[in-house]
Amino acid sequence: MPKSLISIHDFSKEEILHILSVAREMEATGSSKLLDGKVVACLFFEPSTRTRLSFETAANRLGARVIGFSDVANTSISKGESLKDTIKMVSNYVDIIVMRHPLEGAARYASEVCDIPVVNAGDGANQHPSQTLLDLYTILETQGRLENVTINMVGDLKYGRTVHSLLQAMSHFNPEFIFTAPEELKLPQEYKHFLDSRGIPYRETSSLQEHLGDCDILYMTRVQQERFSDPMEYEKVKDVYRLEAAMLNGVRDNLKILHPLPRVGEIADDVDDTPYAYFYKQAENGMYVRMAIIAYLLGYK
Ligand code: CP
């Protein structure tokens, strides 16, 4: 079975560092014909702007062609075709599949029913490993290191898959965490067990202001409306945090504010004009990192 990227655990520390190094080269060199003749499928069963378009741009910049869909209503899934049959069909046409699906485990399942690499572009509240690699790339770019970084993760730590993937990846690099969330959106116990088992320190708070001055990376997240089964529960927490420029007095000089995006009010526009905002460059970095991921999984070492 070819190597896929479904969970961040599918890549060793050495592979993660290799991807970051190649992504740096991709950023420096721009476009190439490395994947001339290859075809990449982008199958998005859930909405996306950055992930889909940056994967497609990454494939195009490497000389590959792209097929796929961003709305299942225009596919035979709307007639009742199974995920298994959809993946088996598409895998006959292309060299690699990038997929996003609302069900946790869907990407792993897809990788088990076909013979080509699969990249998980987000499966429910579970994992978003390509986002994690671009987050690592951005942390390295802004801090000059991955080791000994203090990350304050803010917002929806319960359903935020980017949070779950990132804390697992950072476990290679001796991090310290601050988890800022309301009671309803606290980090699930399984991830705290994971950190405990590796001796990684963390503090929890519900106050956004409390630890703004104690971190190198402020990782803001959106409350994931689409994961709530009860709309009233979402209404209770949707506006829980709003970071404004005036709140950043006294933060560390090296602080950078990251966000996987989209943002829906948790970062005020006036933060964009501070030297701490870095989320637009973070999103751009996704393109270089996804060029490196596609090339690696297609065997270009
Ligand atoms: N960060 C991220 O996954 O954004 P999209 O949902 O727009 O792809």
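**Figure 1. Salt bridges around Arg24 in the predicted model.** In this predicted model, Glu141 forms a salt bridge with Arg24, and the closest N and O atoms of this pair are 3.5 Å apart. Arg24 also takes part in a salt bridge with Glu27, where the closest N and O atoms lie 3.3 Å apart. Because Glu27 and Arg24 are three residues apart in helix 1 (residues 13-29), about one helical turn separates them. Taken as a whole, the structure holds 21 salt bridges.

**Figure 2. The interface between the two parts of the chain.** The domain assignment gives domain 1, which comprises residues 8-127 + 286-297, and domain 2, which comprises residues 129-283. The centres of domain 1 and domain 2, taken over C-alpha atoms, are separated by 25 Å. Where the domains meet, 30 residues of domain 1 are in contact with 29 residues of domain 2, and the count of salt bridges between domain 1 and domain 2 is five. The size of an interface is often given as the accessible area lost when the parts come together. For domain 1 and domain 2, the area buried between them is about 2,400 Å², with 59% of it on carbon and sulfur atoms. On the side of domain 1, the residues that lose the most area to domain 2 are Ile8, Leu20 and Arg50, which together make up 25% of what that side buries.

**Figure 3. The largest pocket and its lining.** Rolling a probe the size of a water molecule over the atoms shows where empty space is left. In this structure, the largest pocket has a volume of about 400 Å³. The lining of the largest pocket consists of 21 residues, and those closest to its centre are Arg100, Arg161, Arg222, Leu261 and Pro262. Helix 2 (50-61) and helix 6 (161-170) are the elements that give two or more residues to this lining. Sorted by class, the lining has four nonpolar, 10 polar and seven charged residues. Domain 1 and domain 2 each provide at least three residues to the lining of the largest pocket.

Figure 4. Most residues other than glycine have a negative phi, and most peptide bonds are trans. What kind of peptide bond joins Leu261 and Pro262? The bond between Leu261 and Pro262 is cis, with an omega of about 5°, and Pro262 is placed in the loop between strand 9 (256-258) and helix 9 (279-297). Asn148, although it is not a glycine, has a positive phi of about 55°. The loop that holds Asn148 runs between helix 5 (129-143) and strand 5 (150-154).

Notes: Residues numbered from 1 in each chain as written. Predicted model: local features only at pLDDT ≥ 70, side-chain atom pairs only at ≥ 80, totals over all residues. Heavy atoms only, no water. 1 Å grid on protein atoms, 1.4 Å probe; cavity = no way out; pocket = protein on both sides within 12 Å on 5 of 7 lines; lining within 4 Å. Points joined across faces, edges and corners; volume = space filled by probe spheres on them. Helix = DSSP H or I, 4+ residues; strand = E, 2+ residues; numbered from the N terminus. Nonpolar A, V, L, I, M, F, W, Y, C, P; charged D, E, K, R; others polar. Domains from an automatic or database assignment. Contact = heavy atoms within 4.5 Å. Buried area = accessible area lost by both parts, 1.4 Å probe. Salt bridge = Lys/Arg side-chain N within 4 Å of Asp/Glu carboxyl O.
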